[in-house]
Amino acid sequence: MSNPAASGLFLGAQGLHKTYRVGATEIPVLRGVSLDVRAGESVAVTGASGAGKSTLLHLLGGLDRPDRGTVRLEMKNLYDLSENARAEIRATRIGFVFQSYYLLPELDVLENVMLPAMSRFGAARAAGRLRRRAAELLDRVGLAARAPHRPAELSGGEQQRAALARALMNDPDLILADEPTGNLDSETGDQVLAHLFGLTRERGRTLVLVTHNDAVAGRCDRRLRLKDGCLA
Ligand SMILES: Nc1ncnc2c1ncn2[C@@H]1O[C@H](COP(=O)(O)OP(=O)(O)O)[C@@H](O)[C@H]1O
Ligand SMILES: [Mg+2]
């Protein structure tokens, strides 16, 4: 399938520093992290627990703020933007998949998948079209029959596939996945990864995948290791 943005830099981080401060204690986590990810590429970020993988992913997705450094999506530095503009980019261009699925328990699976689009359009006007898109995504991840169920009625692997469908609801250019198979057994994790790679590659989407699992990392085009606050 053609990829309209297949050439050139897509996501770039330059000199990212991040230190957490808890009371009088300073926890330096990132000490000058730079990376470039091209459009359509899949990149794994590995590293020991506590190395700062989630911190980095949050910064790449505009969810936090670095002490120093820039994160550019195409040419825009996310952290030069207003909070509202950054929220808009998160909502429209970035899909997040986390280790914990964060599905809302009081909504059914279809409604959970629709949610990112509902908060954008708000209105009931587009609801029919959005329902069809959500249903189609659920079908793609093998959950068509589960649409009316509550998340609690699904297995972990099914919940993660629903969360993946939700992440793709707005057809984001960039998918950021943080240990998406971390709570799953390896067979179930493989199913989730097959969907994740299938759906992102077929549309030429860019993927940054955080994992401490070497086999998972090996499925990406490129892998980087976070150690002592730096990427190698
Ligand atoms: N909000 C926070 N406040 C204070 N310390 C934090 C916070 N988030 C993460 N940390 C600390 O920063 C380090 C890196 O965390 P994290 O980015 O979650 O690592 P990883 O995802 O690689 O396991 C850890 O030592 C963690 O305890
Ligand atoms: Mg983490």
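Colleague: Which way is the crossing of H5 and H6, right-handed or left-handed?

Modeller: In this predicted model, H5 and H6 cross in a right-handed way. The residues that make this contact are Gly156, Gly157, Gln160, Arg161, Leu164 and Leu168 on the H5 side, and Thr188, Gln191, Val192, His195, Leu196 and Leu199 on the H6 side.

Colleague: Now the ligand, please. Which residues are around ligand 1?

Modeller: Happy to list them: Tyr20, Val22, Ile27, Val29, Gly47, Ser49, Gly50, Ala51, Gly52, Lys53, Ser54 and Thr55. Strand E1 (9-22), strand E2 (25-38) and helix H1 (53-60) each give two or more residues to this shell. The largest share, three residues, is from H1.

Colleague: How many of the shell residues around ligand 1 are nonpolar, polar and charged?

Modeller: Five are nonpolar, six are polar and one is charged.

Colleague: Last topic, confidence. Where in the protein chain is it lowest, and where highest?

Modeller: Helix H3 (residues 109-121) has the lowest confidence, with a mean of 85, while H1 has the highest, at 98. Over the protein chain the mean pLDDT is 92, with 93% of residues at 70 or more.

Colleague: Over which residues does pLDDT stay under 50?

Modeller: That is residues 1-6, for which the model has eleven contacts beyond four places in sequence.

Technical notes. Residues numbered from 1 in each chain as written. Chains lettered and ligands numbered in written order. Predicted model: local features only at pLDDT ≥ 70, side-chain atom pairs only at ≥ 80, totals over all residues. Left-handed = near helix turned anticlockwise from the far one by under 90°. Helix = DSSP H or I, 4+ residues; strand = E, 2+ residues; numbered from the N terminus. Contact = placed C-beta atoms within 7 Å. Near = placed C-beta within 6 Å. Nonpolar A, V, L, I, M, F, W, Y, C, P; charged D, E, K, R; others polar. pLDDT = per-residue confidence, 0-100.
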